[in-house]
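Visitor: I would like to learn how to read a model like this one. Please take me through it feature by feature.

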Amino acid sequence: MMVRSPRRHDVRARIARRWTALAAGALLLVGGVATATPASAAGLTQVSSFGSNPGSLNMYSYVPAGLPSNAPLVVAMHGCTQSATDYYTNSGWAKYADMYKFALVFPEQPSLTNPISKCFDWGTPSNDSRGQGEALSIYTMVQYAETTYHVDPSRIFITGLSAGGGMTSDMLAAYPDVFAAGSIDSGPAAQCSTSGITNTNCTSGTTSHTPQQWGDLIRNAHSGYTGPYPRVAIWQGSSDTTVNPAELTYSRDGWTNVWGIGQTPSSTQTLTGGTTQSTYNDATGKPAVVTYAVSGMAHGLAVNPGSGTDQCGTTGTYYINSICSSYYTAKFFGLDQSGPAAPTGLAVTGTTDTGASLSWNAVAGATGYAVYRNGTQANTSAVTGTTYTDSGLTAGTTYSYTVAALDSAGTVGTRSAPVNATTTGTSPACPPRPPSR
């Protein structure tokens, strides 16, 4: 069902009410933007020309004062009927951009391209596939930020609410080589629909797949890709009647599957606001997927107004007072960490039966590097160059490596994406057991 361009403003409101009655349970944030009085959006700037824009989206950005070169970037997407200004004002992301010094980009869906106003189209291949429509427009915004704000290409993150969460899911699947991590807030699983956002099977929890099938949907979004996948956080309220809480499970199943890890959490933790955090670690012991189930929360973004470091946002329609999801997401992204950026380009340059040689790209301002083997530091003193040979290994064995940069104060930065190295030869066989007497 498509809506033609309205001639009068009240037509839009009547369409929204009619569609809500016909498609109950769809991913539609009907009812208007947040009711809280918006704060000044003077710091939010519209970028009128940012490059290829086949999805006809608007781009807004927020660049905090004193943003250093090579800073991270967070792409944040609003829900239906909302706007970039609304999300900037109420989500709390601007607070952490100021605190942790990263740039923000707010894509905006300005038109009636879907039956309800301002929904990102997470359900149509011509809009949510790699190199297509809205997905390409969002990627072009990232490219613009890399060139104009000089952000770190290895620290690009994406997050979104509801329809914005659905588009976040799809962007992470379609552009795993672009995003280091993402956060899906009250949105459907990646690549669930090919028939538009009115496919209620993808919001009611009735499209049930195995973890392998959900993982295949993600893998097929960028077929042939063999690099590391983004880390993913998933937020969901237990009383959400717009996006069924089962979508948290489906998203978890897909992303743990592409990471090659199981669906049993490595650890669980109780947070404020009745929130249960479940963490699924990768082979190195680093969180790859984290879910945040908020007890009793309806459809929306979890906020917690206040001046504390872990408090943020403004309550209103679809901004629900429970826990500051933006704070915990920023921590999951590693935006609160001091120290140099993560090295890029980590590669295995050679192996022997007892050693593995590595190389990586230099990090600006780094005075040395720490090399980690299977999560434990392998070097006893800082590596001053961008190569390292690990020795004393076992033949025919696979090891996982990451690298982190150190600054002049000795602060260890974010670790790189992992690579695997397999030593040559064969591992020694176990000695035969002595015969029984």
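The dialogue below takes up pockets, a cavity, a helix, a sheet and some backbone angles.

Guide: This is a predicted model, in which local features need pLDDT of at least 70, side-chain atom pairs count only at pLDDT 80 or more, and totals for chains, interfaces and linings use all residues. Residues are numbered from 1 along each chain as its sequence is written, and side-chain values use heavy atoms, with hydrogens and water left out.

Visitor: What volume does the largest pocket have?

Guide: Definition first. On a 1 Å grid over the protein atoms alone, a pocket is an open set of points with protein on both sides within 12 Å along at least five of seven lines; a cavity is a set where a 1.4 Å probe fits but cannot get out; lining residues have an atom within 4 Å of a point. Points are joined across faces, edges and corners, and volume is the space filled by probe spheres set on them. Here the largest pocket has about 1,100 Å³. Its lining has 49 residues, and Ala180, Arg231, Lys286, Arg415 and Ser416 lie nearest the centre.

Visitor: Which element gives the largest share of that lining?

Guide: Elements are DSSP runs numbered from the N terminus: helices are H or I, at least four residues, and strands are E, at least two. Helix 9 gives the largest share, four residues. Strand 8 (267–271), strand 9 (275–281) and strand 10 (287–294) are also among the elements that supply at least two.

Visitor: How does the lining of the largest pocket divide by class?

Guide: Ala, Val, Leu, Ile, Met, Phe, Trp, Tyr, Cys and Pro count as nonpolar; Asp, Glu, Lys and Arg as charged; the others, Gly among them, as polar. The lining has 26 nonpolar, 15 polar and eight charged residues.

Visitor: And the second largest pocket?

Guide: Its volume is about 340 Å³. It is lined by 15 residues, with Pro228, Trp259, Asp282, Pro418 and Asn420 closest to its centre. Helix 8 and strand 19 each give two or more residues to this lining.

Visitor: How many cavities of 30 Å³ or more are there?

Guide: One. Trp214, Tyr250 and Trp255 are among the residues that line it. Helix 8 supplies four lining residues, the largest share. The lining has six nonpolar residues, two polar and no charged.

Visitor: How do I read a helix, say helix 5?

Guide: Compare its span with the expected one, 1.5 Å times one less than the number of residues. Helix 5 (residues 133–148) has 16 residues and reaches 23 Å, close to the 22 Å expected. Then look at burial: buried is under 20% relative accessible area, exposed over 50%, partly exposed in between (1.4 Å probe, protein chains only). Ile138, Met141 and Val142 are among the buried residues of helix 5. The buried residues pack against elements including strand 4 (103–108) and helix 6 (163–174), where contact means heavy atoms within 4.5 Å.

Visitor: What is the strand order in the open sheet of four strands?

Guide: Strands pair if DSSP finds at least two bridges between them. The order is 16-15-18-19, with antiparallel pairing. Strands 16 and 19 are the edges, each pairing on one side only. Strands 18 and 19 pair over four bridges. Ser400 stands opposite Asn420 in strand 19.

Visitor: Which residues have a positive phi although they are not glycine?

Guide: Lys101, at about 65°, is one. Lys101 sits in the loop between helix 3 (93–100) and strand 4, and is partly exposed at 29%. Asn374, at about 55°, is another. Asn374 lies in the loop between strand 15 and strand 16, and is partly exposed at 41%.
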